[in-house]
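Hello,

Here is the structure I promised to pass on. Please open it and keep it beside you while you read my notes.

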Amino acid sequence: AIKQKSDRNEEEATDGHRILFQPTLQAKIGPVYLRNQTDLAYYFFSGKGPYFLDLEYYTLLKDRDLLVSNETSMLFEIWKGSRNRILLAGPYYEVTRARDAEITQQKVGIAFSFTPWDTIGMLDKPYLQIKLGYYLEDPDRQQQVYLLIGMGFDLHLR
């Protein structure tokens with residue numbers, strides 16, 4: 001029988017900082033939206049470690065680790081209404097690598113993006129995004145399905 005350690009007294013709460021560079025290329029060809037975003041992030045943690053969990057990418061990192069993540073998507077106009085209302089859907093592929101922790105994730109899936117209004121007060125182009133994906137490669141979640149729901153907007157101070 002395999003014994004699992006249930007107490008996690010080795011865990012510690014700590015804070016971290018990152019420097020993030022996020023170049024994004026976008027193109028629209030007819031009803032097709034192409035997007036490629038690369039995240040280059042350098043992390044600093046104040047705890048003892050040796051590993052720290054980053055919840056945004058849901059991966060382990062070491063202190064002073066470099067993370068590179070790249071997502072490519074091709075979204076199609078499913079519906080387009082008046083005043084910039086739009087529903088997009090299509091495939092995406094994402095690969096993330098934590099250099100010092102030596103952890104790689106690869107994911108594929110389908111993404112939906114819905115912009116129901118042009119503006120709400122100072123909020124421009126509020127959107128709802130849903131991703132249904134599959135882990136091709138991950139130390140803990142390989143061959144698992146996941147669902148990600150997010151919302152966002154552009155903020156314009158006038």
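**An exposed residue**

Glu-102 is exposed, because its relative accessible area is 60% and exposed means over 50%. Keep in mind that this is a predicted model. Look for Glu-102 in the loop between β7 and β8. Now find Leu-148. Glu-102 and Leu-148 are 46 residues apart in sequence. From C-alpha to C-alpha, Glu-102 and Leu-148 are 24 Å apart in space.

**The whole protein**

What is the protein built from? It has 11 strands and zero helices. The C-alpha trace spans about 60 × 40 × 25 Å along its principal axes. Of the 158 residues in the protein, 28% are buried. The accessible surface comes to about 11,000 Å². Carbon and sulfur atoms hold 57% of that surface. Take the contacts with a separation of 6 or more: 48% of them join residues 24 or more positions apart.

**The largest pocket**

The largest pocket holds about 1,400 Å³ of space. Its lining has 44 residues, and the closest to the pocket centre are Arg-35, Gln-37, Ser-113, Tyr-127 and Gln-129. Several strands supply at least two lining residues each, including β2 (24–29), β3 (32–45) and β8 (103–115). Which strand gives the largest share of the lining? That is β11, with nine residues. By type, the lining divides into 19 nonpolar, 14 polar and 11 charged residues.

Best wishes

Note on methods. Residues are numbered from 1 along each chain as its sequence is written. This is a predicted model: local features need pLDDT of at least 70, side-chain atom pairs count only at pLDDT 80 or more; totals for chains, interfaces and linings use all residues. Side-chain values use heavy atoms; hydrogens and water are left out. On a 1 Å grid over the protein atoms alone, a cavity is a set of points where a 1.4 Å probe fits but cannot get out, and a pocket is an open set with protein on both sides within 12 Å along at least five of seven lines; lining residues have an atom within 4 Å of a point. Grid points are joined across faces, edges and corners, and a volume is the space filled by probe spheres set on the points. Helices (H or I, at least four residues) and strands (E, at least two) are DSSP runs, numbered from the N terminus. Ala, Val, Leu, Ile, Met, Phe, Trp, Tyr, Cys and Pro count as nonpolar, Asp, Glu, Lys and Arg as charged, and the others, Gly among them, as polar. Buried means under 20% relative accessible area, exposed over 50%, partly exposed in between (1.4 Å probe, protein chains only). Contact means heavy atoms within 4.5 Å. Accessible areas come from the Shrake-Rupley method with a 1.4 Å probe; for residues, only the protein chains shown count as cover.
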